[in-house]
Amino acid sequence: TDPAWQRELRAHFPIVTGHPDVAYLDSAATSQKPQPVLDAVFDYLTGENANAARGTYPWANRTTARIEQARDRVRVFLGDPAPDRSGVHFVSGATEGLRAVARDWLAPQLRDGDEIVVPYADHNANIVPWQEAAALARARGAHVTLRPMPYDDAHDYDAARLARLVTPRTRLIAATHVHHVYGNDMHVSRLRAAAGPGVPICLDAAQSVGHLPISLAALDVDFLVFSGHKALALPGTGAIWSGNRRGPAYAEAGWRGTPNTSGIVSLVAALDWLDAAGVDRIERWTRDLGARLTAGLAELDAYQVLGCQSSLAAASATQRRQGIVTFRHRTIGSNDLGFILAADGLLVRADGHCQGDEGEKTSSVRVSLHVHNSPAEIDRLLERLAALNHD
Ligand code: PMP
């Protein structure tokens, strides 16, 4: 049986307990919400809902204060040691956050001959904004070169090749923390070691916040962007952490209009819940479930696991895998497989997963886990996959 702490946390997810026949295996697309997050939103909307920074009455002032405190909550959750909340800005998600850094912060500074390192094998949300920044520069006559982020065979950062790629004209390195298809937790610290102190690094942490402990001090990046809805908060939430870099338009709350107040309330509740649950425990649990699935798939010769996980011998790489496992059947198309699994209540993601250069060619099935998932759900999935082993 599953440990008591996990059963207790699972019971916090009403959509999970309310659908005992469903195994939700798509948390990398969006996470389910624990009851305390829903309660916080309900209490706010029924208790003191108001716009921020506009009021002469307590609800409005409380809302303004909540948003300021929420910036601190995010800073602390991310392990920023500096007691300065002004580096946290709320956005609608990782996509908007990366676009804001690209368009509002980077693009205006770009000069002819500048370069940007772009992670072309990662999520489109971390590719397109940098292309747009280069296009904005080009429109005013400045040619900017986009250089592909070099990876090693385990889809991790290749420090030696990156060090050779970085020049005095490198204006930004765009990077990813946990890959949304391979699930590997990349060695972000290699980036700073390879790039030196002067080059800004922007980290897409969409798949890591809420899944593994984050320490900005250890990551040593200049920007970190994440989506709240993947970290147990409501859709339309997310944040940019930009340390002490000021000035971009996204930092001006008045310019951005009314903030997503109830969403920000949900984000604070989600971060509180994650801290109380223990992100390190969540990480170990989902990692072990992923390893259970990978080991089971290795027994079934009709399936091929994407990324370095295809070789169980790559034990060191496997250790750095989060709870995301992506695979293909040798003959059954991934969409068909997705529909077959859905008919049995096994909810997975099936397609190219918004991946940049590789995704177009490699449609696949992705299983992504959270703390409410159980070994029984993995076994149920494996049983269904085993029945299709030779189709
Ligand atoms: N980056 C990565 C690695 C992701 O997995 C995703 C979501 N699939 C995004 C960015 C974009 O996040 P959102 O859709 O919440 O803006």
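Good morning. The buried residues of helix α15 are covered by several elements, including β1 (23-24), α12 (279-298), β9 (303-305), β11 (346-347) and β13 (364-368). Please bear in mind throughout that this is a predicted model.

Let me stay with helix α15. The helix runs over residues 375-387 and has 13 residues. Which residues of α15 are buried? They are Glu377, Ile378, Leu381 and Leu385. Viewed down the axis of α15, these buried residues fall within an arc of 100 degrees, so they line one face of the helix.

I turn now to helix α6, residues 128-139. From its first C-alpha to its last, this helix of 12 residues reaches 16 Å, close to the 16 Å expected at 1.5 Å a residue. Pro129, Trp130, Ala133, Ala134 and Ala137 are the buried residues of α6. They cover an arc of only 145 degrees around the axis, which puts them on the same side of α6. Their packing partners are α5 (94-106), β3 (115-118), β4 (145-148) and β5 (170-176). The face turned away from the buried side of α6 carries the exposed residues Ala135 and Ala139. After α6 comes Gly141, and its phi is positive, near 90 degrees.

Next, the domains. According to the domain assignment, domain 1 of the protein chain consists of 4-25 + 278-387, and domain 2 of 38-276. Their C-alpha centres lie 26 Å apart. To the contact, domain 1 gives 25 residues and domain 2 gives 21 residues. Which elements give two or more residues to the side of domain 1 that touches domain 2? They are α12 and β10 (324-329). Of these, α12 gives the most, with 6 residues. By kind, the residues on this side of domain 1 divide into 9 nonpolar, 9 polar and 7 charged.

I come to the ligand. How many residues surround the ligand? There are 14, and the closest are Gly93, Thr95, His180, Ala206 and Ser227. The shell around the ligand comprises 4 nonpolar residues, 9 polar and 1 charged.

Finally, I would draw your attention to two residues with a positive phi. Asp220 is not a glycine, yet its phi is positive, at about 55 degrees. Asp220 sits in the loop between α9 (216-219) and β7 (223-227). Leu232 is not a glycine either, and its phi is positive, at about 80 degrees. The loop that holds Leu232 lies between β7 and β8 (238-241).

Are these two residues buried or partly exposed? The cut-off for a buried residue is 20 or more other C-beta atoms within 10 Å. Asp220 has 16 C-beta neighbours inside 10 Å, and therefore counts as partly exposed. Leu232 has 28 C-beta neighbours inside 10 Å, and therefore counts as buried.

Thank you for your attention.

Technical notes:
Residues numbered from 1 in each chain as written. Predicted model: local features only at pLDDT ≥ 70, side-chain atom pairs only at ≥ 80, totals over all residues. Helix = DSSP H or I, 4+ residues; strand = E, 2+ residues; numbered from the N terminus. Expected span 1.5 Å × (residues − 1). Buried ≥ 20, exposed ≤ 12 C-beta atoms within 10 Å, placed from the backbone. Arc of directions from axis to C-beta. Contact = placed C-beta atoms within 7 Å. Near = placed C-beta within 6 Å. Nonpolar A, V, L, I, M, F, W, Y, C, P; charged D, E, K, R; others polar. Domains from an automatic or database assignment.
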